[in-house]
Amino acid sequence: DYRWKREMVKELTDRYSARGADVLSIVTKQAEENKELRRTLRSLSERAMEFEVHDLLSKAVPCGEVKLVKAIFDHRPFEELKSLAIRIANSERAVVLLGNRGDKGQLVFSCSEDLPSKMNDLISDACARLDGRGGGSPRLAFGGGPLVEKVEEAIQSVSEHILKGQC
């Protein structure tokens with residue numbers, strides 16, 4: 001047990017070019033700096049997402065008084081995609097269709113609360129095109145499947161269906 005501890009202290013003193021007694025304060029300081037950097041990164045990520053929300057809304061297809069937002073990403077983290085869809089739907093009257101081409105195809109559909117669209121019904125048909133499944137609520141639904149190359153086709157199909165119904 002003591003051998004392991006001595007080796008650990010030796011490795012840390014070598015890594016930080018410090019005396020053994022100083023290692024704890026150096027590691028503590030780095031942990032605090034790391035925590036602050038994570039907060040800064042989270043804050044900057046939030047700001048970047050707000051810009052992205054506005055950018056996607058500016059490119060949306062008008063459908064009566066509603067905006068149809070469509071976007072496809074490559075290898076985007078799922079939680080980020082979901083958060084983006086929710087933010088767009090909460091900022092303006094919109095139907096949001098987002099796709100992701102990663103290890104598998106992923107879809108996230110969302111709509112503003114006052115719209116009659118049922119995202120859970122739309123996601124089932126779209127995910128079937130990806131040879132997968134999906135589900136959710138009338139306001140937010142998501143799913144996916146292994147056929148990554150069909151993500152664009154699935155989004156386009158749902159988009160056409162929505163536009164035929166005039167949102």
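Contact, as used in these legends, means heavy atoms within 4.5 Å. The model is predicted, so local features need pLDDT of at least 70 and side-chain atom pairs count only at pLDDT 80 or more, while totals for chains, interfaces and linings use all residues. Residues are numbered from 1 along each chain as its sequence is written, and side-chain values use heavy atoms, with hydrogens and water left out.

**View A. Surroundings of leucine 107.** Residues up to four places away in sequence are not counted here. Leucine 107 touches Leu98, Gly99, Ile123, Ala126, Cys127, Leu130, Ala141, Phe142, Gly143, Val151, Ala154 and Ile155.

View B. Leucine 81 counts as buried because its relative accessibility is 0% (buried is under 20% relative accessible area, exposed over 50%, partly exposed in between; 1.4 Å probe, protein chains only). Beyond its neighbours within four places in sequence, leucine 81 contacts Phe73, Arg76, Leu98, Gly99, Asn100 and Val108.

View C. Met119, Leu122, Ile123, Ala126 and Cys127 are the buried residues of helix 4. They line one face of the helix, because they fall within an arc of 125° seen down its axis (directions from the helix axis to the C-beta atoms). Asp125 and Ala128, on the other side, are exposed. Aspartate 131, with a positive phi near 60°, follows helix 4.

Notes. Helices (H or I, at least four residues) and strands (E, at least two) are DSSP runs, numbered from the N terminus.
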